[in-house]
Amino acid sequence: MSYAQTTTANAAPNAALGAAQSVDADQLYKKITWRLIPFLCFCYLAAYLDRINIGFAKLQMMGDLQFSEAAYGLGAGLFFVGYILFEVPSNLVLTKVGARLWIARIMITWGLLSAATMLVTTPTQFYIVRFLLGAAEAGFLPGVLYYLTLWFPTYRRGRIMALFVIGLPLSSVIGGPLSGWIMSHFDNVQGLRGWQWLFLLEALPSVLLGFLTFVALPNSYKDAKWLSGDEKARLAADLHGDDADAKHAGHSFKEGLLNLKVWMLGGIDFAILLTAYAIGFWLPTFIRKTGVIDPFHIGLLTMIPNIVAVVGILLIGASSDRMRERRWHIIIPFLAASAAMATSTFFADNLVATVALFTVASVGVLGPLPAYFSLPATFLKGTAAATGFAMAISLASIAGLVSNSLIGIVIDLTGSSSAALWFFSGCLLLGALLVYALPPKVVNR
């Protein structure tokens, strides 16, 4: 090759690198954020709404179907059996077929199964449809978390995770009053009870968003027609540099499945979900026990903890990124939530105290989610990251079965939920210890 040819060959990649470096990173990630995060947030909102609207349906369906508290708790919890069994396989399929197809499949099937809950008449039917709903939804959350690692480097994920996970409390902010209104205004319309309309109407957004996923969601930045070549080159360089910083990150299926830190993350998320599901599934019941009867008013009151939790998620996520610190952004809120859960047992008949204490608990377990969801990708990449996300969430999802079943059984046996809430408080303390045990040099990036 001549000198001129060599010079020309070297000039092309150098020019491409220079063009990529000229792309403003903040503007690039803002563009990606606006393209992806609002849509994914709405998807998460719809998913969680279909998962927890059983808490409002309970206010009517328990009497209509003559279910015991234990039967309701078991049925609500069986969702998580299907979820746990199919979480890891689902995420591995996503890495093979792409996010667009698999997330769309998840959303459409879970929407249809959620609507089918309106048809149950026996505990066995209730158990079956809840198990299938969990199997259908399995892989959505870890799939999205893995998907976001393909777009954002580690040091930007706290804010991004915060913007995504606000779909969780927003589902209660919107879903609480909406569920109460549907049950009040559609009761006995066309011969259907309010709880049946609730399952039908709230399933529609999930199915619609599932079909929109085919249009709105590229499999990766390489497929994004709305990114220029220079923008893709800048993104590739940033992600490559981020991977280089994680020198000891695992990449294999085995490293994601058997990594001790992944199992520790599962234990931490177990503590989060115990409290989150206790609030999501049972707060309407706790509020009714203080003397509030109207479902719509109960729905309005359940908004308060979740509105405050949205603010907590955004503030803690931004602070965690700015300080590049993850552990104490989880530990301190956990301690506050633990104290609130324990204290709530002394004020079960007081409406103001109940709402206030569960507000503190909501912020304490939901606020740290951006910092928590940023942890797996600090020491896992590729297939290991997909496996690790799913494995940690699978282990944590056992909390859904424990939380719902335990509260139902305790109420049936003692007439009070106090023992279960004290147990949840203790689990948050153990979760804080697990966070403290994580190596700061690994996770604080």
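I'll start with two helices: α4 (residues 69-97) and α5 (residues 99-116) pack with their axes 7 Å apart, at an angle of about 140°. Axes here are lines fitted to C-alpha atoms, for helices over the stretch in contact, and angles run from 0 to 180 degrees between N-to-C directions. Helices are DSSP runs of H or I with at least four residues, numbered from the N terminus. The angle makes α4 oblique to α5; under 35 degrees counts as roughly parallel, over 145 as roughly antiparallel, 65 to 115 as roughly perpendicular, and the rest as oblique.

This is a predicted model, where local features need pLDDT of at least 70 and side-chain atom pairs count only at pLDDT 80 or more, while totals for chains, interfaces and linings use all residues. Residues are numbered from 1 along each chain as its sequence is written, and side-chain values use heavy atoms, with hydrogens and water left out.

Back to the helix pair. From α4, Ser-90, Val-93, Leu-94 and Val-97 meet Ala-99, Leu-101, Trp-102, Ile-103, Arg-105 and Ile-106 of α5, contact meaning heavy atoms within 4.5 Å. Sorted by class, that contact has eight nonpolar, one polar and one charged residues. Nonpolar covers Ala, Val, Leu, Ile, Met, Phe, Trp, Tyr, Cys and Pro; charged is Asp, Glu, Lys and Arg; the others, Gly among them, are polar.

On a 1 Å grid over the protein atoms alone, a cavity is a set of points where a 1.4 Å probe fits but cannot get out; a pocket is an open set with protein on both sides within 12 Å along at least five of seven lines; lining residues have an atom within 4 Å of a point. Points are joined across faces, edges and corners, and a volume is the space filled by probe spheres set on them.

The largest pocket holds about 360 Å³. Its lining has 17 residues, with Tyr-29, Thr-33, Arg-159, Ile-160 and Leu-163 closest to the centre. Helix α2 gives the largest share of that lining, eight residues.

The whole structure has three cavities of 30 Å³ or more. Helix α13 supplies the largest share, five residues.

Last, confidence, given as pLDDT, the predictor's per-residue score from 0 to 100. The protein's mean is 81, with 86% of residues at 70 or more. Helix α1 (residues 3-21) is lowest, at a mean of 49.
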